[in-house]
Amino acid sequence: MNIASSTGLQSLESIVNHAGGPVKLLRGSNIGPYTFPVIPAEFTNWRDEVRSWKDSVALLELSYHMTELHLRGPDGVKFLSTLATNKLNPFPVLRGKQLVLVGHDGYMIGDAIVFREEEEFLRIVGAPFASDWIQYNAEITEMNVTAVRDDNFSVRSGTRDVFRIQVQGPNALALVREVSNGTLPDIKFFSIGEFQIAGHTVRALRHGMAGEPGFEIYGPWDIQQDVRAALDEVGQKYGMRKIGAMAYSTTAQESGWMPMPLPAIYHSPEMKPYREWLNQYFLESVGSLGGSFLSDNIEDYYVDPVEVGYRSLIDFDHDFIGKEALRARLAHPKRTKVTLEWNNDDVMACMNSSLTDPNNGGMFMKMPNPMYATFQSDAVMRGGKHAGISQWLAFSANANRLISLALVELEHAEPGTELTVLWGEPNSQRLPVGKNQHREIRATVAPAPYFDKVIKTRHQ
């Protein structure tokens with residue numbers, strides 16, 4: 001079924017053609033960075049909220065901004081295996097897996113977490129790009145699988161199937177043990193356990209971020225207030241902070257996860273039917289592309305799973321879309337993911353110039369997330385030559401500096417390497433940007449993830 005034609009909405013294919021190409025479309029969008037719906041910007045202050053997932057315990061809200069897609073049917077896992085780069089067999093009930101999806105040429109479309117709730121029920125959770133691609137393929141496949149969408153609150157309101165919160169930090173285990181009143185089972189990494197909070201049955205996926213273990217707790221929508229009240233009460237003992245939208249926007253940089261790379265769907269003939277299925281309802285059609293890196297070739301903005309750190313999630317022992325193209329990329333990698341530590345003096349000088357010299361100053365860096373677009377792409381330089389692209393940036397109150405996730409050429413990836421980020425969008429036609437001039441920001445290569453991962457070695 002062609003959603004665009006069946007609903008009377010304009011397809012992404014026609015929107016791209018009307019704009020004169022994908023780069024012109026995305027560079028001309030006035031949509032700013034993603035705004036997390038419903039939750040306040042701050043519950044207390046974003047700096048202490050950020051520090052809580054390293055120093056005590058944080059309660060992060062996932063109920064409203066995550067897209068869910070529910071797959072049902074006996075062929076669910078078999079169907080997903082035709083799309084995912086990673087191995088889905090075995091995939092027992094009450095386990096989670098990270099899905100990585102690529103197009104026919106090996107560029108990334110997106111990733112998500114899939115929860116196997118029952119034998120014939122798979123719950124896919126994450127940014128919308130993965131769910132959109134999976135839903136499209138579910139509608140055209142001959143396999144016995146159906147897809148039902150549970151959209152996030154950026155495009156709807158009301159109720160959802162489940163609420164979803166994350167308890168994260170060094171005190172997370174002690175807090176969840178106490179609030180569950182002895183019902184918490186031993187949940188292994190990326191397994192799902194079932195237990196009680198406030199007399200209600202909930203489930204939790206065991207994972208973590210920023211080097212600390214945590215629980216992603218979810219359950220029926222109508223029990224959430226009782227669960228939240230219990231966590232609020234017990235959480236006081238453990239220094240729990242609720243995380244607002246400002247602090248939440250900094251989580252990915254510390255954990256080394258690129259949450260929203262530009263989906264590689266805008267260029268190839270193989271993707272034309274998908275572009276005709278997508279319409280102006282989808283983020284792919286209205287999202288914006290910003291930053292100092294400029295190219296007329298949309299492929300220069302794409303990423304692949306090898307360079308973003310998903311090498312271990314590629315299994316060539318099964319057939320999936322993009323398999324052979326990805327095999328070639330794995331054999332000849334050109335870039336790798338790093339963290340960039342932006343020089344504090346240069347950042348402060350840029351901020352000062354943006355406020356005191358509006359005609360010639362740099363582009364303002366709003367804190368803690370300075371991005372001005374859905375998809376960020378800033379040029380990284382060394383010795384005046386292109387060395388990579390910086391994508392997802394924020395000020396980390398744990399690192400006490402602005403950091404970004406970047407893809408740099410292999411010869412520049414050694415920690416300690418000095419690079420330069422070009423900051424700004426002079427002559428931009430996008431209204432959120434404002435008048436600005438380019439500024440060079442010194443940056444130092446650091447590992448990604450920025451903090452050591454200890455999640456798998458912390459035991460209950």
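This is a predicted model: local features need pLDDT of at least 70, side-chain atom pairs count only at pLDDT 80 or more; totals for chains, interfaces and linings use all residues.

With a relative accessible area of 39%, Y281 is partly exposed. Together with L9 and V155, Y281 forms a nonpolar surface patch of about 240 Å² accessible area.

W133 and Y136 bring us to helix α6, where both are among the buried residues. Of the 13 residues of α6, 11 are buried, so the helix is largely enclosed by the rest of the structure.

Now the aromatic pairs. How many does a search of the whole structure find? The number is 21. One of them is Y64 with W221, edge-to-face, with 6.0 Å between centres and 85 degrees between planes. Y64 is in the loop between β1 and β2, W221 in the loop between β10 and α8, and the two are 157 residues apart. Y64 is buried at 14% relative accessible area, and W221 also counts as buried, at 14%.

F115 and Y218 have ring centres 5.4 Å apart and planes at 75 degrees, so that pair is edge-to-face. F115 belongs to strand β4 and Y218 to strand β10, so the pair ties together parts 103 residues apart in sequence. F115 is buried at 0% relative accessibility, and Y218 is buried at 3%.

Key. Residues are numbered from 1 along each chain as its sequence is written. Side-chain values use heavy atoms; hydrogens and water are left out. Patches are made of residues with over 30% relative accessible area and no salt bridge: like charges are joined within 9 Å, nonpolar side chains (Val, Leu, Ile, Met, Phe, Trp, Tyr) within 5 Å. Accessible areas come from the Shrake-Rupley method with a 1.4 Å probe; for residues, only the protein chains shown count as cover. A salt bridge is a side-chain nitrogen of Lys or Arg within 4 Å of a carboxyl oxygen of Asp or Glu. Buried means under 20% relative accessible area, exposed over 50%, partly exposed in between (1.4 Å probe, protein chains only). Helices (H or I, at least four residues) and strands (E, at least two) are DSSP runs, numbered from the N terminus. Rings of Phe, Tyr and Trp (its six-membered ring) pair if their centres lie within 6.5 Å; planes under 30 degrees apart count as stacked, over 60 as edge-to-face and the rest as tilted.
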